[in-house]
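Good morning, and thank you for the time. I shall present one structure and ask you to keep the display in view while I speak.

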Amino acid sequence: MRGALPLVALCAAAAAVPAAADPPEQAPRPALERARDGVEEARRLIPFEIHGFSEGALGWLPDRNRLIRNHSFNLMEGRVQLQTTYRPEHPAFLPDYGTALAVKTDFVGDGVEERFRVEFRELNARFTPLHWLDVKAGRQILTWGTGDLIFLNDLFPKDWVSFFVGRDDEYLKRPSDALRVSAFSGAANADFVLIPFFTPDNPIRGERLSFYDPLLGRIAGEDSVLHFNRPPRTMDTMEYAGRIYRSVGSYELAAYGFKGFYKQALGVDDPAAGDLFYPRLTAAGASARGPVPAAGGIGTVEFSWYNSEDNRRGRDPSVEPPQLRYLAGYERDLWTDFTLGLQYYVEQMLDRAAYREALPDGAPYSRDEFRQLLTFRLTQRLFSQNATASLFVFFSPTDADFHLRPRFGWNLTDRWNVTVGADLFGGRHPYTMFGQLKDDNALYARLRYSF
Amino acid sequence: MMRTAAAALCILAASAAGARGEEKAPTAEEIVNRANLVAYYAGADGRAQVEMTITDGRGRTRERRMTILRRNVAEGGDQKFYVHFQRPADVRGMAYLVWKHVGRDDDRWLYQPALDLVKRIAAGDKRTSFVGSDFLYEDVSGRGPEEDVHELLRTEGEAYVIRSTPREPRGVEFARYDVWIDRATFMPMRAEYFDRAGKKYRVVEALEVREIGGHPTVVRSKANNLESGGHTVSVFSDVAYGVGLPDDIFTERYLRRAPTKWLK
């Protein structure tokens, strides 16, 4: 994969060049001041501002992983993100309706995939047709729920590949092409989201991360032949998500509903051909969040019922069974600029007896009724809050696996940031969530210039 | 970040131009209560652009720029703050919401636009740095007068000098602080903080006060860290009071959708 290196070097060089619009930092001389005034003047003349960053990122596999595309690096890219919001002033009804057009685009030179790509993260129009109604249509990031890196009622698409190879947390969220309508009243608020075209999670498929291939029955990389078959684009495959929420004093209460598909291909169509599909899912849940009396800090509880529509009674071992999911979380400051977060999460398989009965003899493993997961987040801010050292831990006592995410980020100046970290995995079995990633341990570094 | 902004806002707002009588000095409590209203509660609501320049002990500077919106729920009592960040670039578009409560923990939220995430923030220690500056959260949003015992030390020129000692010394970093409060406007003009060894380690001062909308308003203030040699200067512009901020600005709706009309 040596051929990728010049591309990466180029990207890194591009990332290191400050944007042309950046005004000079030091301007003791009138010429520089005039130049800065000129830039400011130019910015005033165009009806919108452009912001963003350029970044070079490298994720290194110290133990090498021969199963994946690049044996030594699972992250090697230069990225420029540009974003702007345009608020048209004519005709007059557009500003009256609070109209705004938002664009956020990433230009990525990717040394692992050895290609250049453009990612539209946001491309949407927003307006307020009635004083109690907001509408946002187009490509957008959607998030709700109370979990910290654990999602129950947030069934919008994620990018777990980005998350596990050390990209910024921003990239855990994958954009949706959606219509979001939000209504507000004194009694309660409501969100309704319509997603015409199904967008799944970015699946782990052996390109950057080796994983457990259930059809090969072992950890696989590029040799995996799984096919992730999306549902067809018809009226029947539209997704709907809703939320009703309100505050009671300092407490936030919410109820959620969802009709659509699992975001991971948790159904097997044809084992011989490696065909996987995205099972249909309806879900309903609720959450509460607020201060914990006496102890201080913020407590959260959330639960969700996942009704797997293609396996309602749990009798089909080739499709994800119905589940109940529960989460309890707590976060508080322990001392100056230090925050501790704890979460306890449980997935409960419904009708496990039916699952056991249907499981074929000689199946490599059988799923537990309860999967438990604990998370810890430790965050210490340093150097007048210009640096952040953090550790996030996933640990599952039932799966006997873990994932550690140490990270150190430092704002060298208001514009330059360097972040280093690691993604470490381990587990007793190759088929658990984090155990399957045990060969994907990586150290990463990112250098970013924001403008 | 929020704290500085709130402090700044507070400092801005000063409403009462008191009668300038020499006859009878008010008590320390009366002075402090009035100063609290002048500094933190001017008008029913308020808005300001805040530019902070943070200079560390080695002379390196960083900039913070934000708009702060404030609404009083009750004069001298609960308040709501909305802080919208413009600089530095990596926090641009973030919004911070505080429901300040007297007598119990504040409610706080932070909105991260890149993730469309409304995060609830543990209330925590109010005497930590606001956005990495030398101002503390409590400088921005005010410190309840009932939290300290106040003593009128002397009248010095145009100012009352008040010494304040915390009722609950655990949880604050100072042993006491002295405040110079303008006798005419009741604006706190200077505060000096002392540690348990009696050493002065921190000074917060109003550099420029202007009358805006009938309220004496600090338009430039400075916090000095005498130990590190660092300091932060806050400059307030576009200050306005009684702008008619609706209560729903201070909700999740406007965290996700910046209230541009009110941020200009």
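Of the 264 residues in chain B, 47% are buried. Please bear in mind throughout that this is a predicted model.

Let me remain with chain B for its overall build. How many helices and strands are there in chain B? The chain holds five helices and 13 strands. Chain B has a radius of gyration of 18 Å, close to the 18 Å that the globule rule gives for 264 residues, so chain B is as compact as a globular protein of that length. Along the principal axes, the C-alpha atoms of chain B fill a box of roughly 55 × 40 × 30 Å. If we take the contacts in chain B with a separation of 6 or more, 55% of them are accounted for by residues 24 or more positions apart.

I turn now to the place where the two chains meet. The contact takes 31 residues from chain A and 24 residues from chain B. On the side of chain B that touches chain A, strand S2 (61–72) and strand S6 (117–121) of chain B each supply at least two residues. What kinds of residue make up that side of chain B? Twelve are charged, seven are nonpolar and five are polar.

Let us move to chain A, and to an open sheet. Three strands of chain A form this sheet in the order S10-S14-S13, and their pairing is mixed. Which are the edge strands? They are strand S10 (227–229) and strand S13 (267–270) of chain A, each of which pairs on one side only. From one strand to the next, the twist averages 40 degrees. Looking at one pairing within the sheet, S10(A) and strand S14 (residues 275–277) of chain A run in the parallel sense over three bridges. Here Asn229(A) stands opposite Phe277(A) in S14(A).

Gly249(A) lies in the loop between strand S11 (239–248) and strand S12 (251–261) of chain A.

Note on methods
Residues numbered from 1 in each chain as written. Chains lettered and ligands numbered in written order. Predicted model: local features only at pLDDT ≥ 70, side-chain atom pairs only at ≥ 80, totals over all residues. Contact = placed C-beta atoms within 7 Å. Helix = DSSP H or I, 4+ residues; strand = E, 2+ residues; numbered from the N terminus. Nonpolar A, V, L, I, M, F, W, Y, C, P; charged D, E, K, R; others polar. Rg over C-alpha atoms; globule rule 2.2 N^0.38 Å. Buried ≥ 20, exposed ≤ 12 C-beta atoms within 10 Å, placed from the backbone. Pairing = 2+ DSSP bridges. Axes fitted to C-alpha atoms, helices over the stretch in contact; angles between N-to-C directions.
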